[in-house]
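Visitor: I have a model open and would like to learn how to read it. Where do we begin?

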Amino acid sequence: CISADGASCLTYTGELIDKNDVDREPVPVVIKECYPLYLSGQIERGEDGQLTIESDFQSEFYQRQQNAAQAFHLQKKLYRTLELKELIATPRASRSANGTFYFLSDTDWGETLESYMHNHTPSLPARLEIIASIADGLDRLHNARYLYLDLKPKNILIKKQAQSGKDTQAHYFITLFDFDSVVRKEDVDAANLSVSNSGEWSSYEQRHPELWNLVSERSDVYAIGALLFWAITGEKPSLPSIGHASARNKWELRPANCLSSLLLHMTPKVIEGINNLLSKTLHNDANCRLATCEEVAIRLREIAQDAVKETPVPELVKNYKQNHPNLSKEVIHNLNMYEGDWFLAIELNGSPETLRDLQDSLHEYIALLDKYSVACALIRANRKKAKDSDGAYAGYKPSKKIIRELELAAASFSDALGQSVPWSEKRYERIW
């Protein structure tokens, strides 16, 4: 069993074997068994797998089986819809057995999102692209006039698409296989529905029957926000934290809240982008959320681009050392100090503003080092020209232009270090 937190079914994985063709590869499938968890105290399972229901609850259990059969019928209907075909897990078969109802769907489109994140530990940009791909899929479902209303890591199948040519952007196939909660938008408009929920994964209006008339595309937008939170932190959002952030109309995740494997990609701009998007998705008030999943996907890809373009302090330090192997001890010490301050700020749960200041300061320091590099290169070039025929120096003196460059660099460096740094040819060579 891979899932037991749904409202109406237990979910298992298995293989479908063709008895008429023993050489054919088994087909991986998801098997769903109608088993309402809130009735588990009234259900007994025999050694042969047969379910026995207390007499007072048999009618209710039978209705749940009917609902499961309708959900499978809806899955087949959506699968036959051309624009949704790749989004819907292939419906295989259904049958009544063991006193309940079973139905099978192919899972040859990959593994559950929960399993994929655990087994492959994708980078931050990849995680954002995965959530954006899920938002794309929900947007297609919304355009077909349906709401999903049960988005969570165990209900999503994912498979990475092979990259080809010069395309460096990873793409993902997304497949949905749980349709117990899917409703038509016209049924919501007619207030003719009963909405299920999966706790923190479900929107505020889904969790409160008196607000079911407010269920809309924004309810699925909320679920995308919950998935984003989970993909970044490794935990599902708690209802108190959602309520607190909604009351303040602001999320304030910090790198210390995030998975350690993502820390080197959590630049201040990226953190700010994620917090802003959480504030517009993972919010109890539907009116404060973005209106469509398409908008969510666009925002996610913008943040992913920032995560690729922006380099945090530890990566900047590492790259600079690799590209400049002959740095002086003084420069290496200063670079190490920046790196140490960054990790200390994270350990102390420093704000994005603190990290931004550190990053900006390091960029300024590297710019000053680059000025030194240019000045030293000019000195070396002029030295070479000043050599006489015997290879000896002939009273070399820097030009006025070089002197001015050195004076400006020294002044800037003095400001950065908080102490006077007179320029001199020897000092530049020593520092560089």
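This is a predicted model: local features need pLDDT of at least 70, side-chain atom pairs count only at pLDDT 80 or more; totals for chains, interfaces and linings use all residues.

Visitor: How many helices and strands does the protein have?

Guide: The count is 13 helices and 11 strands. Of the 432 residues, 46% count as buried.

Visitor: What share of the contacts comes from residues 24 or more positions apart?

Guide: Take the contacts with a separation of 6 or more: 64% of them join residues 24 or more positions apart.

Visitor: How many of the residues of α7 are buried?

Guide: Burial here means under 20% relative accessible area. In α7, 9 of the 12 residues are buried, so the helix is largely enclosed by the rest of the structure. Among them are Val270, Ile271, Ile274, Leu277 and Leu278.

Visitor: At what angle do α5 and α7 pack?

Guide: Read two things for a helix pair: the angle and the distance between axes. Helix α5 (residues 217–233) and α7 pack at about 150°, with axes 9 Å apart. The crossing is left-handed. On the α5 side, Gly225, Leu228, Phe229 and Ile232 make the contact; on the α7 side, Ile274, Leu277 and Leu278 do. By type, these contact residues are 6 nonpolar, 1 polar and no charged.

Visitor: Next, the rings. How many aromatic pairs are there?

Guide: Rings pair if their centres lie within 6.5 Å. The count comes to 6 aromatic pairs. Take Tyr116 and Tyr172: their ring centres are 6.3 Å apart and their planes stand at 85°, so the pair is edge-to-face. Tyr116 lies in helix α2 (residues 113–120) and Tyr172 in strand β10 (residues 171–176), so the pair ties together parts 56 residues apart in sequence. Both Tyr116 and Tyr172 are buried.

Visitor: What is the geometry of the pair formed by Tyr148 and Phe179?

Guide: Tyr148 and Phe179 are also edge-to-face, at 6.1 Å centre to centre with 90° between the planes. Tyr148 sits in the loop between β8 and β9, and Phe179 in the loop between β10 and β11, so this pair ties together parts 31 residues apart in sequence. Tyr148 and Phe179 are buried.

Visitor: Which residues form an aromatic cluster?

Guide: Phe72, Phe101 and Phe103 form one. Phe72 is among the buried residues of α1.

Visitor: Let us read single residues. Is Val296 buried or exposed?

Guide: Val296 is buried, with a relative accessible area of 1%. It is found in helix α8, residues 293–309. Beyond neighbours within four places in sequence, Val296 is in contact with Val221, Ile224, Leu277, Thr281 and Leu290. Its C-alpha is 6.8 Å from that of Ala135, 161 residues away along the chain.

Visitor: Where is Pro122 found?

Guide: Pro122 is in the loop between α2 and α3. Pro122 is buried, at 8% relative accessible area. Leaving aside neighbours within four places in sequence, Pro122 is in contact with Tyr116, Met117, Arg127, Ile130 and Leu262.

Visitor: What is Ser181 in contact with?

Guide: Setting aside neighbours within four places in sequence, Ser181 is in contact with Leu147, Tyr148, Leu149, Asp150 and Ser196. Ser181 lies in the loop between β10 and β11 and is buried, at 7%.

Visitor: Last, the backbone. What phi does Arg145 have?

Guide: Arg145 has a positive phi of about 75°, although it is not a glycine. Arg145 is in the loop between α3 and β8 and is partly exposed, at 39% relative accessible area. Asn249 is another case to read: its phi is positive, about 60°, and it is not a glycine. Asn249 is in the loop between α6 and α7 and counts as partly exposed, at 45%.

How values were computed
Residues are numbered from 1 along each chain as its sequence is written. Side-chain values use heavy atoms; hydrogens and water are left out. Buried means under 20% relative accessible area, exposed over 50%, partly exposed in between (1.4 Å probe, protein chains only). Helices (H or I, at least four residues) and strands (E, at least two) are DSSP runs, numbered from the N terminus. Axes are lines fitted to C-alpha atoms, for helices over the stretch in contact, and angles run from 0 to 180 degrees between N-to-C directions. A crossing is left-handed if the near helix is turned anticlockwise from the far one by less than a right angle, and right-handed if clockwise. Contact means heavy atoms within 4.5 Å. Ala, Val, Leu, Ile, Met, Phe, Trp, Tyr, Cys and Pro count as nonpolar, Asp, Glu, Lys and Arg as charged, and the others, Gly among them, as polar. Rings of Phe, Tyr and Trp (its six-membered ring) pair if their centres lie within 6.5 Å; planes under 30 degrees apart count as stacked, over 60 as edge-to-face and the rest as tilted.
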